[in-house]
Amino acid sequence: MSAQPIDLTTPAVVVHQAAPATAQTVSVASEPLVRATDLAKTFDVSAPWLNRVLERQPRQLLRAVDGVSFDIPRGETLALVGESGCGKSTVARLLVGLYEPTRGGFEFDGQDAHAAFKTPAGRQLRRRIQMIFQDPYASLNPRWVVEDIIAEPLREHGIETEPVALRARVDALLHSVGLSPHDRVKYPHQFSGGQRQRISIARALATQPEFLVCDEPTSALDVSVQAQVLNIMKDLQRERGLTYLFISHNLAVVRHVSDRVGVMYLGRLVELAPKHTLFDTPRHPYTRMLLDAIPKMHDTGKARTPVSGEVPNPLNPPTGCAFNPRCPHVNERCRNERPELQTIGGVRVACHAVEEGRI
Amino acid sequence: MARRSRFLAGSGWASFPLSRLVGSHPSKAPHLIAFVRRWLDSDVGHSFRTSPTAIVAAAIALVCLFCALFAPWVAPHNPFDLATLELSNARLPPAWSEGGVSQFLLGTDDQGRDILSALMYGARISLAVGLASVVLSVVIGVAFGLLAGFLGGWVDAFLMRLCDVMLSFPAILVALLIAGVGRALFPDAHDSLAFGVLILSITLTGWVQYARTVRGSTMVERNKEYVQAARVTGVAPLRIMRRHVLPNVMGPVMVLATIQVATAIITEATLSFLGVGAPPTSPSLGTLIRVGNDYLFSGEWWITIFPGAMLVLIALSVNLLGDWLRDALNPRLR
Amino acid sequence: MSLLQVKNLVVEFRHRRGTLRALDDISFDIAPGEILGVVGESGAGKSLTGASIIGLLEPPGRVASGEILLEGRRIDNLPFDEMRKVRGRQIGAIFQDPLTSLNPLYSVGRQLIETITTHLPVNQAEARQRAIQLLRDTGIPAAEQRIDHFSHQFSGGMRQRVVIALALAAEPQLIVADEPTTALDVSIQAQIITLLKNICKERGAAVMLITHDMGVIAETCDRVAVMYAGRIAEIGPVHEVINHPAHPYTAGLMACIPDMSVDRERLHQIDGAMPRLNAIPAGCAYNPRCDRVLDRCHDERPDLMPAGVTRAACWLHAPAVARGEEVSQ
């Protein structure tokens with residue numbers, strides 16, 4: 001018979017606001033590295049022309065992103081959270097040049113990025129902005145060995161042409177993500193999900209970028225593997241002074257990695273605040289609902305607001321404030337007038353009720 | 001050599017869910033024997049070793065290929081060397097029948113040509129035409145399919161309509177059309193052009209299915225994140241198509257091509273039978289069947305039956321190989 | 001008496017390179033009306049456990065040894081037709097993807113009515129009434145109209161509610177839910193797990209909830225089993241396991257999960273990865289990664305032994321160690 005149960009819980013080390021210690025962030029950055037202004041992207045998802053004519057269907061436009069503006073100072077991590085259909089993945093792809101914006105744009109280090117992407121000089125920009133994807137199984141070409149996968153950006157931009165130097169570079173990158181040079185000759189299917197994600201990170205770092213867009217990088221990974229990958233990402237950020245845009249639907253992960261958090265709903269930013277402010281005192285009703293809905297491992301004893309309704313069809317968003325059908329504080333103005341993102345009490349919120357002081 | 005072997009080594013032969021479960025060894029230096037050994041040990045190789053049908057079909061196909069390739073050295077006679085023909089040898093039955101001689105194992109035709117040798121030379125023509133037309137079809141079809149799938153928009157719409165149009169013509173009709181046009185344009189150069197016309201007509205109707213298959217696969221691969229990663233890095237679209245997407249869409253194409261060889265050979269035989277295929281000076285199996293057809297009912301069955309049987313054998317073995325390949329490459333069917 | 005008893009279940013996959021043991025001697029019980037959570041990372045074998053119980057193990061996987069008993073009666077060796085009767089009537093199933101769980105060609109009502117009439121002795125009209133009531137109970141508004149709608153006319157969360165209704169249609173005693181909320185948004189997930197918990201408690205149905213999300217387990221389950229490399233590492237009341245884990249793997253797992261209430265500079269991480277099925281270490285499967293490993297752990301595989309309120313498969317809780325007699329490494 002066992003006597004006392006053995007306590008195996010790991011004591012949590014509580015650290016507030018660990019600042020990345022790089023020269024770049026210490027100097028006052030007057031210009032944020034990334035400034036998005038009224039970014040919008042509309043997709044035409046109408047049926048083919050013939051069908052539309054014969055069946056008399058109207059054109060269908062999907063406003064995936066509908067006027068999003070934010071800044072990301074150098075060395076910081078901005079997280080974008082939201083549920084499906086909120087447009088966060090589209091924002092990610094707009095910021096790396098995979099999509100052209102329908103309206104608005106973003107500036108990178110002071111220059112108009114989308115204009116630059118179109119010019120030959122835009123290749124320089126592509127070295128400085130890179131992306132990490134969600135699916136570790138689809139983000140590596142299954143027919144290429146790891147060496148070729150990581151070396152591709154180096155070859156493409158002519159960073160290293162001499163084979164020996166190239167190989168040394170690849171080895172260094174593998175080492176920086178915790179893999180061994182022996183892994184160079186293997187194929188992606190010989191690795192686990194977490195290891196593949198590390199290979200993706202190594203590939204993204206090949207051109208020594210300044211800005212990394214991470215689209216749900218750990219959502220497809222197990223919890224213990226997620227911890228490893230997030231730690232690597234944080235270490236790399238500290239070592240290299242990287243700036244991250246971190247997309248996720250997992251608020252606990254976001255709380256761990258981000259400095260500031262933006263909450264998106266149906267293509268719009270509803271709240272943008274520093275991490276602690278957002279999690280301790282959420283303003284927007286949707287943010288509150290989201291925080292309440294997270295299943296809690298340890299009961300905190302807080303009263304829960306009942307959750308109602310579902311995300312509406314993005315093809316047919318509600319008029320006025322997109323959240324009004326589900327909002328417990330809705331009034332007439334909410335149904336007719338779309339709220340703008342305003343700075344209220346140090347945070348940016350798009351809510352009439354907050355503006356009017358009702359909540 | 002290194003790059004090509006790596007392409008072959010990684011082209012799907014060694015990557016399947018169960019093999020992931022048990023792990024696999026990284027490829028060593030690209031050496032042909034090492035490659036073959038590794039292939040035999042892989043899942044596809046094992047599937048081959050344990051499938052009697054596949055082994056028999058491969059053996060038969062290899063024998064036919066060997067005979068066809070080395071016909072001038074392997075065949076007992078040269079049936080097309082007019083100097084060696086003697087009309088006294090005409091219409092001799094096969095060696096085991098009454099009246100046959102061992103010199104002409106399968107008998108002779110109306111001009112004294114040895115059927116066995118004619119079979120080998122004929123198989124040579126048939127296989128050459130079949131393989132050439134399939135290779136051309138693959139090149140054209142895959143190129144069009146990649147472009148349609150990757151570029152989308154009006155390029156895709158145009159190419160797909162082209163496919164629809166091509167599909168509505170039966171291969172025979174296209175061949176007759178082109179043959180007729182060829183004959184009208186170049187009345188004197190008929191013989192040398194005949195093969196060109198033949199291969200062209202089979203190619204023109206054969207490329208469509210590759211284009212369709214590759215287009216579908218390309219559209220799937222295009223949305224995958226490794227392609228997006230290449231775009232983010234700034235790789236040009238043509239390069240992405242060639243280096244990223246192409247290796248991943250070739251799997252189904254291999255299966256189709258294998259089965260298509262059989263179809264191409266049969267189509268060629270049909271065209272030759274109709275008289276618009278291979279010229280009589282270098283007859284293919286189809287021509288031999290036609291020539292022998294006239295003698296079928298006068299009792300000299302061997303002149304048409306043996307070429308027919310050879311045709312069936314080649315087509316069947318290639319078809320069976322293609323079937324096995326499709327099942328072996330499909331991880332779900334294990 | 002337990003509703004479901006799994007005794008020494010072993011599931012193997014025969015592959016040409018050898019036989020892989022995906023589930024290695026699993027034993028647990030589910031009491032009537034209880035919600036048991038089965039949690040683990042990918043490759044731990046939790047979905048396979050669910051599949052074995054429902055009888056939907058895909059070949060080449062097969063039950064190599066052990067028993068599964070439902071209300072005292074063996075169900076792992078039943079012929080196909082018998083198992084089919086059990087599957088709808090006594091065991092209901094909810095899978096991860098609501099889109100593929102429903103037949104897109106038939107209306108929702110038709111599928112519900114079909115299930116009800118197959119397993120229960122009621123006529124069509126009565127079945128329809130029951131189906132409408134089921135839809136109402138699962139929170140679908142305007143059930144009388146929506147019963148004739150097709151699956152594509154429902155949103156993701158609504159579809160999962162229909163799937164829950166379908167699972168409960170024949171009034172089963174046990175529901176096996178395999179990752180029922182993983183494909184849903186956070187806000188919908190909260191609604192669905194509340195629904196599942198309440199409706200099963202109301203109807204007295206036991207639930208085996210398979211998931212990788214500890215938060216969902218914490219909110220829904222009475223007991224939880226933590227799986228690792230095809231074995232059960234720890235099993236016990238849910239709050240005990242979460243707050244006072246007895247197995248080092250469970251402790252590591254809890255520490256890895258980013259917590260909303262605490263700020264950490266670095267997340268605790270367990271080095272290494274779960275072993276592949278063909279490379280499971282001798283002795284305790286977790287011993288290469290364990291920070292409290294003993295000599296014994298490399299050679300002898302521990303069975304589930306009492307560790308306070310829970311049971312853990314760990315030599316740390318062997319009586320000698322607990323009494324402080326054995327020296328740890």
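User: What should I know about numbering and confidence first?
Analyst: Residues are numbered from 1 along each chain as its sequence is written, and chains are lettered from A and ligands numbered from 1 in the order in which they are written. The model is predicted: local features need pLDDT of at least 70 and side-chain atom pairs count only at pLDDT 80 or more, while totals for chains, interfaces and linings use all residues.

User: ok, chains C and A. How many residues does each put into the contact?
Analyst: Chain C contributes 52 residues and chain A contributes 46. Two residues are in contact if their C-beta atoms, placed from the backbone, lie within 7 Å.

User: Which elements of chain C supply at least two residues there?
Analyst: They are α8 (186-203), α9 (214-220), α11 (248-256), β11 (305-307) and α12 (319-322) of chain C. The largest share of that side comes from α11(C), with seven residues. Helices (H or I, at least four residues) and strands (E, at least two) are DSSP runs, numbered from the N terminus.

User: And by class?
Analyst: The side of chain C that touches chain A has 28 nonpolar, 14 polar and 10 charged residues. Ala, Val, Leu, Ile, Met, Phe, Trp, Tyr, Cys and Pro count as nonpolar, Asp, Glu, Lys and Arg as charged, and the others, Gly among them, as polar.

User: Now A against B. What is in contact there?
Analyst: 25 residues of chain A meet 23 residues of chain B. On the chain A side, α5 (122-128), β6 (129-132) and α6 (146-156) of chain A give two or more residues each, and the largest share, three residues, is from α6(A). That side divides into 11 nonpolar, six polar and eight charged residues.

User: Back to C. What are its domains?
Analyst: The assignment for chain C gives domain 1 (32-52 + 80-228) and domain 2 (238-259 + 267-322). Such bounds come from an automatic or database domain assignment. Taken over C-alpha atoms, the centres of domain 1 and domain 2 of chain C are separated by 32 Å.

User: What does the contact between those domains consist of?
Analyst: 13 residues of domain 1 of chain C are in contact with 10 residues of domain 2 of chain C. On the domain 1 side, α9 and β9 (223-228) of chain C give two or more residues, and β9(C) gives the most, four. The residues on that side are eight nonpolar, two polar and three charged.

User: Sheets next. What is the strand order in the four-strand open sheet of chain C?
Analyst: The order is β2-β1-β4-β5 (chain C), with antiparallel pairing. Two strands pair if DSSP finds at least two bridges between them.

User: Why are β2 and β5 of chain C each left with one side without a neighbour in the sheet?
Analyst: β2 (18-30) and β5 (73-74) of chain C stand at the edges and have a single partner strand each, so one side of each lacks a neighbour in the sheet. β2(C) pairs with β1 (residues 4-15) of chain C over 10 bridges, antiparallel. Within that pairing, Glu12(C) has Arg21(C) in β2(C) as its bridge partner.

User: What about β3 of chain C, buried or exposed?
Analyst: Five of the five residues of β3 (residues 35-39) of chain C are buried, so the strand is largely enclosed by the rest of the structure. A residue is buried if 20 or more other C-beta atoms lie within 10 Å of its own, exposed if 12 or fewer, and partly exposed in between, with C-beta atoms placed from the backbone. Ile35(C), Gly37(C) and Val39(C) are on one face, Leu36(C) and Val38(C) on the other.

User: Which strands does it pair with?
Analyst: β3(C) runs parallel to β8 (residues 206-211) of chain C, joined by five bridges, with Leu36(C) opposite Met208(C). β3(C) also pairs with β9(C) in the parallel sense over four bridges, and Val39(C) stands opposite Val226(C) there.

User: Last one: which residues touch the most other members of the largest nonpolar core?
Analyst: Leu245(A), Val207(C), Met208(C) and Tyr228(C), in a core of 285 residues. A nonpolar core is a set of buried Ala, Val, Leu, Ile, Met, Phe, Trp, Tyr and Cys residues joined through C-beta atoms within 7 Å. Helix α7 (residues 115-151) of chain B gives this core its largest share, 18 residues. Not counting residues up to four places away in sequence, Tyr228(C) touches residues including Gly40(C), Tyr249(C) and Met274(C).
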